[in-house]
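Q: Please go through the labels used for this chain, and set each value against its definition.

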Amino acid sequence: MKLPLICFIVCAVLIFGFRVGLQLRRTGDHGLRLAQQRSTAAELAATGLQACGLLGVLVLTVLDTISYLPGQLDLGSAGAITGVAVCALAVAITMRSQYEMGDAWRIGVDASEKNPLVTEGMFKLSRNPIYSGMLLVGMGFAILVPHVLMVCCAVLSYIGFEIQVRKVEEPYLRSVHGQSYLEYCRNVGRYLPRLRGAPNHNSRVSK
C-alpha cells in the first residue's frame, strides 16, 4: 500500500470515524445531520459537491496506489514529505476544532436544534476552522498525488464548503444567535484569521 492511500485512511479515521465515535460515547448521538437538512437546492448542491470531491480523492488515491494514473507529476520524496506534513497539520487543526465544539459538533444542520455559538479556541481565529482544516487536507493530497484531477477534486470540495457555509450554516446561525453572531462575524474571518484593523465591507456576514 502506497503512502497516499495510507494517509487517506488515517485522515478519514481521525477526522470522521474518531469524531463520530467520540460523539456517540459522550452524548449517545452520532452528530450526523445531513439527513435532517431541508434538502433545498443549495443543501443538495453542497452535499453533492463535497461527496464528489471526497470520492474523487479516494478514487485517484487508489489509482495512484495501483500505478494506473497517467499524466501525473513526480515530486519525489520532497513532495511526499511536504504532502504528509500538510495533511498532518490539517488533521491537527480539524481535530482540535472538532474537540473545541464539544457536544455542539455536527455534520449538517438540523433547524430544530438550538446549539450554542462556539467562539473560543480555534474559533477565535476562524469561524469555520474545521472547513479550513479540510481544505488544507485537499491541498495536502494535491501534493501527495500531483495530478490535475486531484486539484479539481479540491476545487469541488471548496465550492461545496462555500455553499454549505454561506447558504446553509450562516443563515441558520443568524436565525438562532442574532446580533451576537453578527458581531462575531465582524471580528472573525470566515476561514482565515482577520488582520487587525482590516476593514469589513459586509456588515452582515464577512468574507
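A: K124 touches T119 and V188, leaving aside residues up to four places away in sequence, where contact means heavy atoms within 4.5 Å. This is a predicted model, in which local features need pLDDT of at least 70 and side-chain atom pairs count only at pLDDT 80 or more, while totals for chains, interfaces and linings use all residues. Residues are numbered from 1 along each chain as its sequence is written, and side-chain values use heavy atoms, with hydrogens and water left out.

Q: Why is K124 called exposed?

A: K124 has a relative accessible area of 52%, and exposed means over 50%, with buried under 20% and partly exposed in between (1.4 Å probe, protein chains only); K124 is therefore exposed. K124 lies in the loop between α3 and α4, helices being DSSP runs of H or I with at least four residues, numbered from the N terminus.

Q: What makes E170 count as buried?

A: The relative accessibility of E170 is 4%, so E170 falls within the buried class. E170 sits in helix α5 (residues 148–177).

Q: How do you know that the side chains of E170 and R190 make a polar contact?

A: Their separation is 2.9 Å, and a polar contact is a pair of N or O atoms within 3.5 Å, of which, within protein, one must be able to donate a hydrogen and the other to accept it, while residues adjacent in sequence count only if both atoms are side-chain atoms.

How values were computed: Helices (H or I, at least four residues) and strands (E, at least two) are DSSP runs, numbered from the N terminus.
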